[in-house]
Each structure stands twice: as C-alpha cells, then as structure tokens.
Amino acid sequence: MKGKNIIVGISGGIAAYKTPQFVRLLKKRGANVRVALTEGGSRFVSELSLATVSGEPVYRSIFPATDTRNTDFTSHISLGEWADAFVIAPATAHTLAKLAAGLCDDMLSTCFITLRPNKPVLIFPAMDGQMFLSPSVQRNIKTLADQGCHIINPESGELASGQCGLGRMPEPESILTALEYALQTTSQRSVLEGKLVVITAGPTREKIDGVRFISNYSSGKMGFALARAAVQRGANVTLITGPVHLATPAGIERIDVESAAEMHAAARSFFVDCDIFIGAAAVADYRPALSFDGKMKKDAEEMTITLIKNPDIIADFGKQKKHRQLAVGFALETESGLGFAQQKLIDKNLDLIAFNIFNRKTSGFEVDTNVLTLIARDGFTIELPLLTKDDAAGKLLDAIEKLLPQKQL
Ligand code: PMT
C-alpha cells in the first residue's frame with residue numbers, strides 16, 4: 001500500500017460516515033489518498049473531515065470554483081491518470097446507474113471514465129436490501145462487473161431503515177483487505193504488459209436472405225472474459241466480435257462484425273502486428289453460396305441451400321505467423337473430443353488450444369461457467385475444473401504467460 005495513489009469515491013449513503021476511518025487506515029499504511037465526494041455524499045460526511053484525514057483538498061465538481069484565477073479545468077483527467085486504484089464506497093443505486101451509463105457530471109463519475117484501463121476499481125454497493133436486489137440495480141452491477149470492476153456485495157445486518165437484511169457496507173478494515181488483494185494481483189507485472197492481443201468472440205451470422213441467417217448459440221462471454229483479463233494484465237486488446245449483447249470492457253478496442261468473412265477481414269489487418277491471437281469465436285464453418293437481399297418467398301415445398309466453406313481465420317493466422325507470435329484456439333467438443341482438439345492444434349498450427357467440453361448447463365455456449373483442458377504444442381496438458389468464464393480466462397492467460405517468453409527470446 002505504501003506510496004500507492006488511491007482515489008476514494010464517496011456517494012450519498014448513510015455508510016459514508018465510515019469513510020474518514022477508511023481514509024485514515026489508508027494513510028496509516030502509507031498510501032496517498034484523494035477523495036472524490038458526490039453532492040449526496042457531502043450530506044452524510046463533511047468535506048472538512050475528509051480533507052483533514054486525507055491531507056488533500058476534496059474533489060467535488062469537475063468545474064473549478066467561481067474563482068476565475070483558478071484555470072485548472074483538467075483535474076478530472078490528471079486525477080484519473082494519478083490513481084493506482086479507485087475505491088467507490090459507498091456506491092448508491094444512483095451512482096451505480098451513472099457509472100454503468102457512462103455519465104460524467106461530477107468528479108467521482110468523471111474519474112471513473114478517465115482512470116487508466118488496467119487499474120483496479122472496487123465498488124461497494126450499499127443501500128436498502130430491496131433496492132439492492134431490484135432489477136435495475138442488478139443490471140447496472142452486472143454491466144460494471146462485465147467492464148472489469150470488482151463488485152463487493154454488501155453484508156447483511158441492521159440497516160438505516162431499522163430493518164435487518166442485505167445492504168450494509170463492509171467495515172473499513174474489510175474494504176482495505178479487498179483493496180490490498182486487488183492491488184497485489186494487478187501489481188505483479190505480467191509479460192502481457194504492452195503486448196497486442198487480438199481476440200475473436202461470439203458467433204458469426206451467415207446471411208440466407210434479408211431477414212434470415214445461419215448462426216450458433218455463442219454469447220461472446222468467453223471471449224469478453226479473456227479481453228477483460230488481458231487488459232487487466234496491461235495488454236493492448238482488440239476484440240473482434242460477432243453480434244452479442246455484452247457491454248464493452250473498459251480500455252478495449254472493439255470491432256463489431258457479422259459474418260465470418262467480415263471477421264476474417266478485420267482479423268487479417270492485425271496478423272502482422274499482434275503478439276497473441278486468440279480465437280474464442282464460434283465462427284460458422286459454412287455460408288450460403290447465394291444470399292438474397294429481400295425476403296425469400298415460401299412458394300416451394302422444398303428448398304435446398306448450397307453452403308460453401310468459410311475461410312478459417314485462425315488457421316490463416318497459423319500459416320502466416322512469425323516465431324514471436326502465439327496462436328491460441330478453442331475447440332468446443334463433447335466429452336470424447338480431446339483427440340479432435342489435439343488434431344485442430346496441429347492442423348491450424350496453433351501453440352495452445354483450449355478443449356472446451358460442451359455441457360448445456362455448465363460449459364460451452366451461453367452459460368457463465370466453463371470447463372477447459374489446455375493443451376500446448378509440446379503435449380503439456382492442464383485439466384481445469386468447472387470455473388467461471390472470468391477465472392477460466394485467467395488460467396488461460398497464465399498458460400499464455402508461460403509460453404510467450406519462449407517465443408519472444
Ligand atoms: O461465446 P460463449 O457463449 O461464451 O461460448 C464460448 C465458446 C463455446 C464459443 C468458446 O469457448 C469456444 O469453444 N469457441 C470455439 C468454438 C468452436 O468449436 O470452434 P471450432 O472447433 O469450429 O474452431 C476451432 C478454432 O478455430 C476456434 O478457435 C475458432 O475460433 C477457430 N475458427 C474456426 C472456424 C473458422 N472459420 N475460423 C476460425 O478462426
């Protein structure tokens with residue numbers, strides 16, 4: 001914690017009264033602390049207390065005070081650049097909604113946008129239990145988690161309303177422990193830092209006519225989890241995705257495509273420069289030989305659609321890649337498909353393949369969990385247990401981190 005620059009964002013909930021104590025704990029550990037206080041937050045805790053314990057002026061508005069001699073219009077940017085971590089505690093339903101929507105009307109919400117992408121953001125929602133469980137709050141929390149924020153759920157206990165239930169902000173000591181852990185895991189320098197990682201994600205759509213297409217059930221969750229994990233390790237990430245309903249993780253260049261041909265064209269432009277190419281997309285193997293712009297009529301009793309093979313994107317990269325570049329594929333197969341995955345590793349000239357066991361309820365398409373077996377070119381195999389897609393992405397990147405230095409010697 002010593003020497004770390006921490007922004008503490010405080011919004012308007014009763015739990016804000018605990019925040020001077022949290023700031024004191026940080027200062028005692030040797031951290032530099034700057035506080036971003038919302039208008040609501042200032043109703044529960046005084047600016048003077050926070051300025052005193054942090055030893056810094058408190059940040060409120062993005063505009064300088066009425067003193068026209070103060071021309072510092074860019075402190076929202078410099079504060080975001082300064083921080084090693086951002087802790088938002090308490091985070092009210094209103095603040096969560098603003099952060100999820102990307103609104104920037106005060107220092108807290110603006111710093112959230114200007115923070116450097118690989119810096120941890122820890123969000124501690126605290127509110128009435130029913131508010132916390134409301135679909136709107138849960139949707140916003142999910143959006144922020146998908147962007148890579150660490151969401152620490154509130155604790156159960158006595159609430160300001162007098163009722164007992166979920167909604168209490170954890171004590172300052174617990175917030176500190178969570179922050180220390182997040183800083184520790186992100187401060188171990190990764191070999192991925194500064195590397196260009198290109199990831200394909202989601203399904204492709206192959207047009208039959210103006211209103212119909214051939215596709216599959218890929219949700220993009222696995223590819224997006226990889227993108228989040230890679231950016232957290234300091235990589236420059238380009239995510240080429242088919243049509244999915246997922247928020248773009250912070251700090252990522254996202255390219256939206258529809259068909260395999262479009263995904264191929266987008267991917268090819270990175271073949272020369274990328275360090276690592278990860279194919280998590282479920283690319284349609286075939287597309288209709290002919291497609292129509294309008295809606296086809298259903299006059300005929302039978303219809304035959306001739307399909308032709310799509311380009312194999314990762315195999316194309318495998319053919320062209322230089323020694324320093326790493327190609328990582330996925331292979332979704334049933335339980336007995338390990339041999340098929342190994343064959344794909346050879347045929348597509350990959351360095352690593354994730355054999356993805358398909359189980360409708362727990363692994364593969366759409367679900368939030370996955371079961372992967374990682375197979376390296378030299379046959380080294382790691383069988384991973386059932387994990388969340390975020391954790392599975394972390395394990396896959398751990399394996400890539402081990403392989404990359406050998407390639408880039
Ligand atoms: O998106 P989710 O719902 O989270 O689901 C994740 C996933 C199941 C889609 C993902 O984990 C996965 O397994 N993706 C690969 C799906 C698959 O079986 O691909 P494949 O066996 O057809 O292809 C093998 C490899 O070649 C893959 O890396 C694929 O991206 C790539 N490929 C395939 C065909 C093609 N034309 N171009 C390619 O690049």
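Strand β8 (residues 196-201) and strand β13 run parallel, joined by 4 bridges. The model is predicted. Both strands belong to an open sheet of 8 strands with mixed pairing.

**Strand β13 and its neighbours**
- Val197 stands opposite Ile276 of β13.
- On its other pairing, β13 is joined to strand β16 (residues 326-333) by 4 bridges, and these two strands run parallel.
- Ile278 has Val328 in β16 as its bridge partner.
- Strand β13 spans residues 276-279, with Ile276 and Ile278 pointing one way and Phe277 and Gly279 the other.
- All four of these residues are buried.

**The sheet**
- The strand order is β12-β11-β8-β13-β16-β17-β19-β20.
- The edge strands, β12 (252-256) and β20 (381-383), each pair on one side only.
- From one strand to the next, the twist averages 15 degrees.
- Helix α11 (residues 260-268) packs on the sheet and touches β8, β11 (236-241), β12 and β13.
- The direction of α11 makes about 160 degrees with that of β11.
- Strand β17 (residues 352-357) pairs with strand β19 (residues 372-376) in the antiparallel sense, over 5 bridges.
- Ala354 stands opposite Leu374 in β19.

**Helices α5 and α6**
- Thr95, Lys98 and Leu99 of α5 meet Leu108, Ser109 and Phe112 of α6.
- The contact residues comprise 3 nonpolar, 2 polar and 1 charged.

How values were computed. Residues numbered from 1 in each chain as written. Predicted model: local features only at pLDDT ≥ 70, side-chain atom pairs only at ≥ 80, totals over all residues. Heavy atoms only, no water. Contact = heavy atoms within 4.5 Å. Nonpolar A, V, L, I, M, F, W, Y, C, P; charged D, E, K, R; others polar. Buried < 20%, exposed > 50% of the residue type's maximum accessible area, 1.4 Å probe, protein only. Pairing = 2+ DSSP bridges. Axes fitted to C-alpha atoms, helices over the stretch in contact; angles between N-to-C directions.
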